[in-house]
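I opened this notebook to record what I looked up, entry by entry.

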Amino acid sequence: AAAENELGKSVFGKTCAMCHAAGVAGAPKPGDKADWGPRIAQGKDTLYKHAIEGFTGAKGMMPAKGGAANLTDAEVKAAVDYMADKSL
Ligand code: HEB
């Protein structure tokens, strides 16, 4: 469906890839279904909240907005969708 999530792809590339592309410090890699499955099962609202506000989980620390406080919530949500859609 979201084949053309260009916003999410762009935000991911600029802000999220530094940790998520290689799985730095426990960051779940897009496409890693085993890691993303239970995360996606929490529901999108929880994923959005954790990405926007930050959270500490069993694997490490997700900084609020990936450390880019200038991002809008909509930009962060698009990046979450981009990663989650690759991991279904
Ligand atoms: Fe991150 C996780 C998103 C950036 C690190 N993240 C995560 C998640 C999400 C995200 C959705 C899941 C949550 C849950 O599970 O609930 N990120 C994101 C985004 C971005 C990011 C959208 C861009 C804006 N990160 C980032 C960075 C880093 C990170 C930059 C580094 C520094 N993360 C992370 C980690 C994790 C995450 C480590 C995991 C945690 C646990 O423990 O689980």
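Which element gives the largest share of the shell around the ligand? I found that this share, five residues, comes from H1. I note here that the model is predicted.

I looked up where the ligand sits, and the space it takes is the largest pocket. I then listed the elements that give two or more residues to the shell: helix H1 (6–20), helix H2 (33–41), helix H3 (44–53), strand E2 (61–62) and helix H4 (73–85).

Entry on the shell. I looked up the 30 residues around the ligand and found that Cys-16, Cys-19, His-20, His-50 and Met-62 come nearest. By kind, I have the shell down as 19 nonpolar, eight polar and three charged residues.

Entry on backbone atoms. For Ala-58, I read a distance of 3.2 Å between a backbone N or O atom and an oxygen atom of the ligand. For Lys-59, a backbone N or O atom lies 2.7 Å from a ligand oxygen atom. For Gly-60, I noted 2.7 Å, again from a backbone N or O atom to an oxygen atom of the ligand.

Entry on aromatic rings. I searched for aromatic pairs and the structure holds one. The ring centres of Phe-12 and Tyr-82 are 5.4 Å apart and the planes stand at 45°, so I logged the pair as tilted. Phe-12 belongs to helix H1 and Tyr-82 to helix H4, so the pair ties together parts 70 residues apart in sequence. Are these two residues buried or exposed? I have both Phe-12 and Tyr-82 down as buried.

Notes
Residues numbered from 1 in each chain as written. Predicted model: local features only at pLDDT ≥ 70, side-chain atom pairs only at ≥ 80, totals over all residues. Heavy atoms only, no water. Near = heavy atom within 4 Å. Polar contact = N/O pair within 3.5 Å; in protein donor to acceptor, adjacent residues only side chain to side chain. 1 Å grid on protein atoms, 1.4 Å probe; cavity = no way out; pocket = protein on both sides within 12 Å on 5 of 7 lines; lining within 4 Å. Sits in = over half its atoms within 2 Å of the grid points. Helix = DSSP H or I, 4+ residues; strand = E, 2+ residues; numbered from the N terminus. Nonpolar A, V, L, I, M, F, W, Y, C, P; charged D, E, K, R; others polar. Phe/Tyr/Trp six-rings, centres within 6.5 Å; stacked < 30°, edge-to-face > 60°. Buried < 20%, exposed > 50% of the residue type's maximum accessible area, 1.4 Å probe, protein only.
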